[in-house]
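Me: Got a model open here and I'd like to go through it with you. Can we take it piece by piece?

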Amino acid sequence: MIFRDNVTLVAPVNGTYRQTGGERHNVKCVIEQTSGLTRGGSYDAMTGDARAYLDGQDSWLSSTGYSIEGYFAEVTLFGVKRVYRVANVAVGRAVITSGGTVQHVEIELARLDREV
């Protein structure tokens, strides 16, 4: 897989009202972004979750044990910056062909409408 995009992962910090502002790490990736409109009750809501495939060979990422659930993710695509929260993490290993080497890490991103 060729990782042509970048994501900035921001560690959450403990705080009463603010969880952002932790350490920041840039990781190469491939991003699939979606957007849409949902209707519920008497209102419309914008949706727009994303999925990213991170470089499993990234040294910082592997040092976390690939446990980045809850991190914030800043993504800039097509000149627009969006902020997400890492909702799910799946580690992609090549178990048969390379002895369990991590090839990529798939993360599901839930869109937030605020800066971190």
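Me: What ground rules apply here?
Reply: It's a predicted model, where local features need pLDDT of at least 70, side-chain atom pairs count only at pLDDT 80 or more, and totals for chains, interfaces and linings use all residues. Residues are numbered from 1 along each chain as its sequence is written, and side-chain values use heavy atoms, with hydrogens and water left out.

Me: OK, what's the mean pLDDT of the protein chain?
Reply: The mean is 83, and 79% of the residues reach 70 or more. (pLDDT is the predictor's confidence in each residue, from 0 to 100.)

Me: Switching to the core: how many residues are in the largest nonpolar one?
Reply: It has 23, and Val7, Leu9, Leu54, Ile68, Ile107 and Leu109 have the most contacts inside it. Such a core is a set of buried Ala, Val, Leu, Ile, Met, Phe, Trp, Tyr and Cys residues joined through side-chain atoms within 4.5 Å. Buried means under 20% relative accessible area, exposed over 50%, partly exposed in between (1.4 Å probe, protein chains only).

Me: Which element gives the most to it?
Reply: β8, with 4 residues.

Me: And what does isoleucine 68 touch?
Reply: Leaving out residues up to four places away in sequence, Ile68 touches Leu9, Leu54, Trp60, Leu61, Val86, Val89 and Ile107. Contact here means heavy atoms within 4.5 Å.

Me: How about valine 75, buried or exposed?
Reply: Buried, at a relative accessible area of 1%. Valine 75 is in strand β6 (residues 72-77), and its contacts beyond four places in sequence are Val7, Ile31, Val80, Lys81, Arg82 and Tyr84.

Me: How far is valine 75 from threonine 8?
Reply: They're 67 residues apart in sequence but 6.8 Å apart in space, C-alpha to C-alpha.

Me: Last one: where does the charged end of arginine 85 sit?
Reply: Over the ring of phenylalanine 72, 4.2 Å from its centre. The rule is NZ of Lys or CZ of Arg within 6 Å of the ring centre and within 35 degrees of the ring normal.

Notes: Helix = DSSP H or I, 4+ residues; strand = E, 2+ residues; numbered from the N terminus.
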